[in-house]
Every structure is written in C-alpha cells, then in structure tokens.
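Work through the exercises below with the sequence and the structure in view. Try each task before reading its solution.

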Amino acid sequence: MAMSMSANWLTYYLAEHPAIVNFRWSHTHSWGSTWSFLASSVSLYLALSLLLHLLLLLRRRPVPVGPAPALHSLLMALLSATIFAGALLSSAAEIRDTRWLWRRSRTTPFQWFLCFPLGTRPSGRVFFWSYVFYLSRFLHMLRTFLTILRRRRLSFAQLFNNAALTCVAFLWLEFSQSFQVLAILSATLVYAAVYGYRFWTAIGLPVACFPFVAHCQVVLLGCNLVCHVGVLTLHLVKGGCNGIGAWVFNSVLNGAVLMLFLNFYVKMHLGKKKGVVGGVGIGGVSEARDRDREPSSTLCCGFDVIKEAKEERIVKEKAL
C-alpha cells in the first residue's frame, strides 16, 4: 500500500502536475528562452572562466574549495536522476495519451522517441523536462570554476563542451528537435552514475579498478551513434522528422567528437597492450584523473576525456 502511494505521488509530481502538463516553451514566459539570453550567458561563462584563470596565474598554489566539489557532485547526481525519472514517466504518459493519434500515421512509440512528427510544438510533459535539462546546464558550468580554483588549470575542451551543450539544449526546445527525449534519458542516466561516482570518491570511498567515466562515455557514444542512424532512416522513410536542421547541427558535433574520442581511446588501449601502463592501476593516474573528469552527454561527449587521455598517455610514457 505504501509503495503504491509513493509511486502515485512520484508519478503525479513528475508527470501529471499541472505545471508539467501545461508547460509551453515561450520567449515571454520561460526564463532563459531568448536568443539574447543564450548568447549573453554563454559569453559571460567564457569570460569569467578566462578571467578567473588569469587571476589565479598570479597565485602559486590552488585555492582550497573544501567540500564544494563533493556537494556539487551530489547535487548533480540527484538532479540528473530526477530529470531521468521525470522524462521517463512523462514519455510513458505522452505515449498513453497520444497513441490514438499515432494510429493514423502508423507511428510506434519507438519511432516517436527517435522522430517527432512534423509540426510538433515545444509544449507538454517531455518538453518541460527538456527545459529543466537546459537549465541544469548552467549548474554544470559551476564545475569549471571549481576545477580552475583547485588546479589553476583552464580546460578549453571543457569550456567548449559546456557552451556547446547549452546551445544545443536551447535548440532542442526552440525547434522541437527529434531524438531529444532519448538524448535526455541517456545523458541524465550517465550523469547520475558519473556524478554519483564522483561523490563516492570525494568522501573517501574506494575508486573503481577501471576508468569508470571513460567506459560510460564509450557506451553513451555507441548508443548515440545507433540512435542517430535511426533518426536519419526514419526521416527518409517517413517523409520527415521535426527539427531536422537542429538535429544536423547536433550530428556534426557528435561526428567530430566521436572521431577524436575513438582516436585517443584506441591509442590508450594500444599503449596498454605494449606495456606502457607499467604500474598505473588501482589508485594510479587513471583513477586519480577519472574521479575529476567532466561527464559529457550525447551531444559533445568526450572532449574532457580526450584531453585527459592524452595527458595520461604522456605521463605514462615519461614514467618509462
């Protein structure tokens, strides 16, 4: 009885609440929904990151940040898990309520996940969680400042990753892009796992005996690639998917990142086979870097892992 009540409570507040059901993406009513806001916020993020980096160059030691990274990881893990649950329950509710309409176009729930029908507007349950995902990108940006304070190091790959992800999440809503539901589900699932792992290690618990974050990235990239092929196939077969222009922009970013990530990932494993790894194992360079990597999504996945994999390979070669 208690479990049933809890399930009903979660379903209501994550999928059936009037604010969720009646959501509509609007430039006048949705905070952060204008092009000017997007441009100014991303520009401010880049400028502040660069300014903080330049100021800390004058300081010889990193700035102590206390438990802030662990708290940020915990917050992002809980938020990501909430978005994942909300998007999943909202998708189920949308399928239940609109299944009768799909029969006319012979659309299945799986096809809807990949390809929104032409004329889809950014309103309703799934777009509410897409909006929450977009807003969560600004919380992701906080990790950049924590990284600069702790290490006095500015990762331009991380800057590009966060800026591009924010822009693409905005395009999802602005153009009602197809495939965004699966992208949000896969990204938030990985975020919940990665940030949960970061919090786990930040409070002193044992690290994994393998590069946990990098393996999550590989799985996510593989699923992402398969889904993009599915979107393109449905677009050609069914006569069009909504927001295909934004999807093309998304695909170009994914293609570039996929090639770069696979290049370094293959080189890293070839180095291990040749014996370059040496004594780097549990608790070594890989895990030390792994616990502070920035998790990515289905859009710009892997830029931070690319950079750190290269650095890790250089460290191992110098150790010979």
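**Exercise 1.** Does F170 count as buried or exposed, and at what relative accessibility?

Solution. The model is predicted, so local features need pLDDT of at least 70 and side-chain atom pairs count only at pLDDT 80 or more, while totals for chains, interfaces and linings use all residues. Residues are numbered from 1 along each chain as its sequence is written, and side-chain values use heavy atoms, with hydrogens and water left out.
Step 1: recall the classes. Buried means under 20% relative accessible area, exposed over 50%, and partly exposed in between, with a 1.4 Å probe and protein chains only.
Step 2: apply them. F170 has 0% relative accessibility and therefore counts as buried.

**Exercise 2.** Describe the aromatic pair of W35 and F170.

Solution. Step 1: state the rule. Rings of Phe, Tyr and Trp (its six-membered ring) pair if their centres lie within 6.5 Å; planes under 30 degrees apart count as stacked, over 60 as edge-to-face and the rest as tilted.
Step 1: count. The whole structure holds 22 aromatic pairs.
Step 2: classify. In the pair of W35 and F170, the centres are 4.9 Å apart and the planes stand at 70°, which is edge-to-face.
Step 3: W35 belongs to helix α3 (residues 35-56) and F170 to helix α8 (residues 156-175), so the pair ties together parts 135 residues apart in sequence. Helices are DSSP runs (H or I, at least four residues), numbered from the N terminus.
Step 4: check W35. This residue is partly exposed, at a relative accessible area of 44%.
Step 5: look wider. Ring pairs link a cluster that includes W35, F37, F138 and F170.

**Exercise 3.** Classify the pair of Y191 and Y195.

Solution. Step 1: the ring centres of Y191 and Y195 are 6.3 Å apart and the planes are at 55°, so the pair is tilted.
Step 1: Y191 and Y195 are four residues apart in helix α9 (residues 180-202), and therefore about one helical turn separates them.
Step 2: Y191 is buried, with a relative accessible area of 1%, and Y195 is buried at 0%.

**Exercise 4.** Which residues make the nonpolar surface patch of about 440 Å²?

Solution. Nonpolar side chains (Val, Leu, Ile, Met, Phe, Trp, Tyr) are joined within 5 Å, like charges within 9 Å.
Step 1: the patch is made by W9, L10, Y12 and Y13.
Step 2: Y13 lies in helix α1 (residues 2-16) and is partly exposed, at 43%.

How values were computed
Patches are made of residues with over 30% relative accessible area and no salt bridge: like charges are joined within 9 Å, nonpolar side chains (Val, Leu, Ile, Met, Phe, Trp, Tyr) within 5 Å. Accessible areas come from the Shrake-Rupley method with a 1.4 Å probe; for residues, only the protein chains shown count as cover. A salt bridge is a side-chain nitrogen of Lys or Arg within 4 Å of a carboxyl oxygen of Asp or Glu. Helices (H or I, at least four residues) and strands (E, at least two) are DSSP runs, numbered from the N terminus.
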